[in-house]
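Please open the model in your viewer and keep the sequence panel beside it. The tour below moves from one selection to the next and says what is found at each stop.

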Amino acid sequence: MIAADKREKHDMKKILVVDDESSVRYMIKEMIEPLGFEVVEAKNGIEAISICNDSSVDLIITDIVMPDKNGIDLIMAVRKQYPGLPVIAMSGGGGIAGNFDYLEIAKLVGAKNILKKPFSSREICSLVEESLDERSKH
Amino acid sequence: MMIILKGNHTKQSAPKGSNPYGFKRIFKYFLPLFIPLAVFEFAIAFYIYYIEVTRNEEIHAAKDIFYIQQSKLSIKLEIDTIISDLLVVSQHRELASAANKSNVIETDGLSRELMVFSQEKGLYDQVRFIDYRGMERVRINYIGGKSVVVPQNELQDKKNRYYFYDSIRLNRGEVFVSPLDLNIENGKIELPYKPTIRFATPVYNSYGKKIGVVVLNYLASRLIDNFVRSMAGSEGHSMIVNADSYWLRSNDSEQEWGFMLNHRRKFKDKFPKVWEQISGSGSGQLYSSDGLFTFDSINPLEDSKNHARRTVDASTSDLNDKAATGYYWKIVAWVPDKAVKSRNWMAARKVVFASALLFLLTVLGSWLIALAWTRRLEVEVKQKESEEKYRTLFEASNDAIMILNKDMFIDCNQSTLQMFGFESRDQFIGKHPGDISPPRQENGVDSSVVANQRVMDAYNNEKIIFEWLHCRVDGRIFNAEVLLTPMVLGGQRVLQAIVRDISERKRVENELARFKSTLDKALDCVFMFDPETLMFFYVNQGAINQVGYGFNELMQMRPYDIKPEYDESMFRSVIDPLIKGPMHAITFETIHQHKDGRLIPVEIFLQYLAPEGEIPRFVAFARDLTERQKINRQLRHAQKMEAIGQLTGGIAHDFNNMLTAINGYTEMANKEAAQYDNKLIIRYLDHVKKSGKRAQDLVAQMLAFSRGGEIELKPIMVVPLIKESVERIASTSLPNINIEYHMDDVNLIAMTNQILLHQMLMNLCVNAGDAMDGKGNIIIGCSRECGVAQICSSCQASFSGDYIKIDVTDTGGGISSAQLERVFDPFFTTKEVGKGTGMGLSIVHGVMHDHGGHILVKSLPGKGTTISLLFPDVK
């Protein structure tokens with residue numbers, strides 16, 4: 001019943017999951033779809049932008065390190081083209097130049113929230129809801 | 001007064017030959033000196049000889065004259081005595097009284113008286129009284145020293161004897177003196193020869209009637225002996241010659257008594273010319289070819305003072321024609337010509353000997369004087385040459401040479417004028433040292449004051465040398481070195497000042513000093529050594545500091561003495577190619593050994609320098625590599641850590657991606673299993689979930705290591721935490737290991753992170769257990785360490801201060817020294833493939849240094865290993 005309620009609450013909000021690992025994309029899809037979201041997938045930034053251009057997306061969950069337009073570039077592009085579109089950046093860690101974590105960089109360039117891999121379904125679900133709630137407030 | 005050094009004298013060549021002065025040169029002075037002296041000496045010698053001979057002759061002649069006169073006097077005295085005796089006897093009272101009464105004479109008393117007389121006198125051979133008829137009336141014979149009266153019957157008739165005949169004719173007081181002859185007894189010459197003179201005088205009685213004669217036979221040997229004694233001092237032959245030129249006395253007795261003996265030898269036969277002169281004059285002295293004759297005449301009758309008349313008996317054949325004045329003897333002293341010549345020769349010998357000695361002395365003296373003159377001349381020549389040389393040197397010297405009298409210049413050379421810029425010597429002379437100096441010296445002292453002091457010092461000492469600032473006429477100041485030497489010139493004490501312009505030298509010295517100072521201050525060590533002997537001839541202060549030897553010690557050493565890796569042949573094999581070229585320099589690393597034995601890694605830049613006109617040498621720059629090697633090690637380590645960090649970060653990122661899927665799908669699978677209530681699957685998935693969680697923690701730490709500085713540290717009481725962690729580790733991973741705790745202070749607090757501390761203990765304890773093959777003891781210690789000063793075993797940095805120390809000690813096989821250097825490298829492991837990641841100690845390294853702490857490793861192969869974690873004490 002709770003799941004049905006949530007499904008109604010988030011009825012057909014579209015969430016774009018971007019990760020070069022299909023298993024991760026699928027897992028996230030499995031975790032958040034029960035909350036009533038429409039989940040679309042992209043394997044890199046280019047595909048993600050294309051999807052955004054073709055249809056209305058309410059939230060983007062993106063990995064950072066990806067071939068063919070990485071998560072940072074994607075966030076920057078989204079911030080430019082779709083300023084109100086929230087993005088959750090996720091990463092398994094690491095960074096550039098030794099000192100800057102990818103997630104920190106992602107936050108700097110405009111990610112709404114960040115998510116460290118690996119994460120539990122609870123963590124991602126709550127973060128997705130949080131991000132969409134804040135967007136709806138705006 | 002001005003003293004000028006004179007020169008321009010004719011140069012004289014040095015004497016040739018071994019004799020430094022040359023015989024010819026000496027003869028040149030010897031002969032003019034010797035010849036006049038020798039001639040003069042000969043003249044003097046001859047004169048002395050002449051004087052000597054003349055003087056000798058005069059002395060001897062005078063002596064002979066003296067002896068002749070002395071003997072003549074003695075003879076006369078003797079005759080006077082006899083005549084006196086005769087007259088006394090003739091007037092004897094017995095005779096007078098005996099003849100008074102009658103012509104009969106009483107002879108007894110007379111005999112006694114005359115015997116007494118004869119005995120007393122001892123001079124007369126016979127004393128007789130002969131009466132007027134010629135009969136002996138009394139006769140006293142003197143025989144053997146005793147007077148004897150001749151008996152009457154032995155008395156003889158003497159009326160025919162010449163002495164009776166001549167004397168009976170005499171008047172009263174007149175005396176008959178017979179010739180001196182040999183006594184004849186009984187018609188024969190009495191032997192031994194008895195020279196005799198008969199003295200007779202007539203005897204008168206009281207009536208004035210002549211009654212006979214008294215005759216005294218005088219023994220003339222006494223007279224002759226007296227004569228010989230008187231003539232004893234004469235060197236000549238002493239002779240008595242009668243008027244007929246017969247010898248009455250001669251040194252040759254064979255010549256005597258020629259008129260009585262048959263040989264008839266006469267003086268005039270032997271010396272006819274001499275006799276002519278002697279017989280013709282009373283006395284005198286004459287030279288003839290036979291010698292020197294000194295003579296005098298004795299006339300026994302004329303010379304008698306006591307009698308008015310004298311006569312001689314002329315009855316004998318020899319004396320018949322003789323008047324009374326013709327009765328004389330000649331006493332002669334004859335020095336034969338041989339003796340005269342011998343005497344002269346003696347005088348000549350003395351003179352010749354003395355002259356020869358004088359001649360030798362003259363030769364020697366002349367030679368010495370000539371030698372001295374020659375030497376003096378040589379000295380003078382040398383002095384002149386020396387003066388000339390000195391003047392030449394004086395003028396030719398590049399140094400300024402000046403003569404100072406007191407504090408005023410009295411002479412100088414040409415260089416002085418050039419050095420100081422004077423146009424002429426006159427312009428310079430009379431100046432004072434202060435006049436050619438700037439007002440003040442480099443150290444600010446007044447030039448004139450100090451110059452006067454220096455001049456005084458030089459006068460009072462041997463010589464002084466000092467540096468001085470001088471000033472040219474044009475005002476240019478230059479550095480000079482001044483040598484002041486006191487000396488005597490022309491009898492005056494003066495100072496010679498030699499001034500050398502050392503501006504260039506000072507410049508070079510300053511450059512050298514700067515160069516040396518630069519070299520000494522250089523951090524690198526500079527060694528210079530000779531290519532042949534390899535001996536160092538220069539090292540800078542850096543080199544001295546590096547190897548610990550003193551400069552003088554190093555000057556006795558060679559490069560291979562401080563390079564333990566090299567001996568001489570090895571070192572020459574390094575430098576020989578540099579000498580031959582074409583490459584003259586090489587860089588290589590080696591080791592220097594400090595004097596205390598310490599080894600110093602060095603990088604040598606060695607270069608062979610042989611600039612044209614300079615002495616070839618090697619210069620070596622040695623750089624201490626100790627610090628560089630340490631920094632390089634640290635840098636390499638840091639680079640390695642950074643690379644590993646990046647790698648780890650990348651791996652962690654991928655791991656997280658994978659864990660995302662693993663954990664996520666496990667979670668979803670678990671939910672699905674719960675829907676079907678499949679407990680077994682749920683339990684399995686829980687194990688997967690736990691491992692996933694642990695993997696997630698590990699990756700989080702790996703990320704922490706790779707990023708660093710992100711760990712949240714807080715003060716934690718470490719002892720309880722250590723116990724909890726270790727017990728958890730022991731229960732799961734070290735089932736057969738005995739754990740000991742050495743943790744007395746439970747209140748120790750360190751800034752750390754619970755997870756990280758657990759992770760580090762886990763790594764250390766698992767390693768310890770592996771080192772003991774899962775069996776043995778692990779000792780866990782925790783304590784506060786104050787005043788630690790160590791070098792970190794992982795980062796190699798030295799650190800000090802107070803620390804909280806956690807020790808994990810095992811009793812395993814230990815770690816070899818080669819492995820010790822690598823244990824902190826990521827992925828370094830000694831474990832079997834699949835059993836160890838090699839990340840354990842590198843994570844501990846990273847975590848501890850993120851804590852601001854350090855790690856110490858102590859390991860003894862075969863004994864075990866202790867790894868200590870040192871956290872900064874935050875009390």
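A residue is called buried if 20 or more other C-beta atoms lie within 10 Å of its own, exposed if 12 or fewer do, and partly exposed in between, with C-beta atoms placed from the backbone. Helices (H or I, at least four residues) and strands (E, at least two) are DSSP runs, numbered from the N terminus. This is a predicted model, in which local features need pLDDT of at least 70 and side-chain atom pairs count only at pLDDT 80 or more, while totals for chains, interfaces and linings use all residues. Residues are numbered from 1 along each chain as its sequence is written, and chains are lettered from A and ligands numbered from 1 in the order in which they are written.

**First stop: chain A**

Select chain A, which has six helices and seven strands, and follow its sequence through the pattern α-β-α-β-α-β-α-β-β-β-α-β-α. Of the 138 residues in chain A, 44% are buried. Two residues are in contact if their C-beta atoms, placed from the backbone, lie within 7 Å; among the contacts in chain A between residues at least 6 apart in sequence, 67% join residues at least 24 apart.

**Second stop: a sheet in chain B**

Now select strand E16 of chain B, residues 400-405, where five of the six residues are buried, leaving the strand mostly covered. Two strands pair if DSSP finds at least two bridges between them. E16(B) is joined to E17(B) by four bridges and to E20(B) by five, and in the latter pair the strands run antiparallel. To see individual partners, pick B:Met402, whose bridge partner in E20(B) is B:Ala497, then B:Ile403, which is partnered with B:Asp411 in E17(B), and then B:Leu404, which stands opposite B:Phe409 in E17(B). The hairpin of E16(B) and E17(B) has two residues between the strands, and B:Lys406 there takes a positive phi near 55°.

**Third stop: where the chains touch**

Show both chains and select the contact, which takes 19 residues from chain B and 17 residues from chain A. On the side of chain B that touches chain A, helix H16 (626-675) and helix H17 (679-707) of chain B each supply at least two residues, and H16(B) gives the most, with 16 residues.

**Last stop: B:Lys689**

Finish at B:Lys689, which is placed in helix H17 of chain B. Why does B:Lys689 count as partly exposed? It does so because 18 other C-beta atoms lie within 10 Å of B:Lys689. Not counting residues up to four places away in sequence, B:Lys689 touches B:Asn663, B:Thr666 and B:Asn670. The C-alpha atoms of B:Lys689 and B:Ile662, which are 27 residues apart along the chain, are separated by 8.2 Å.
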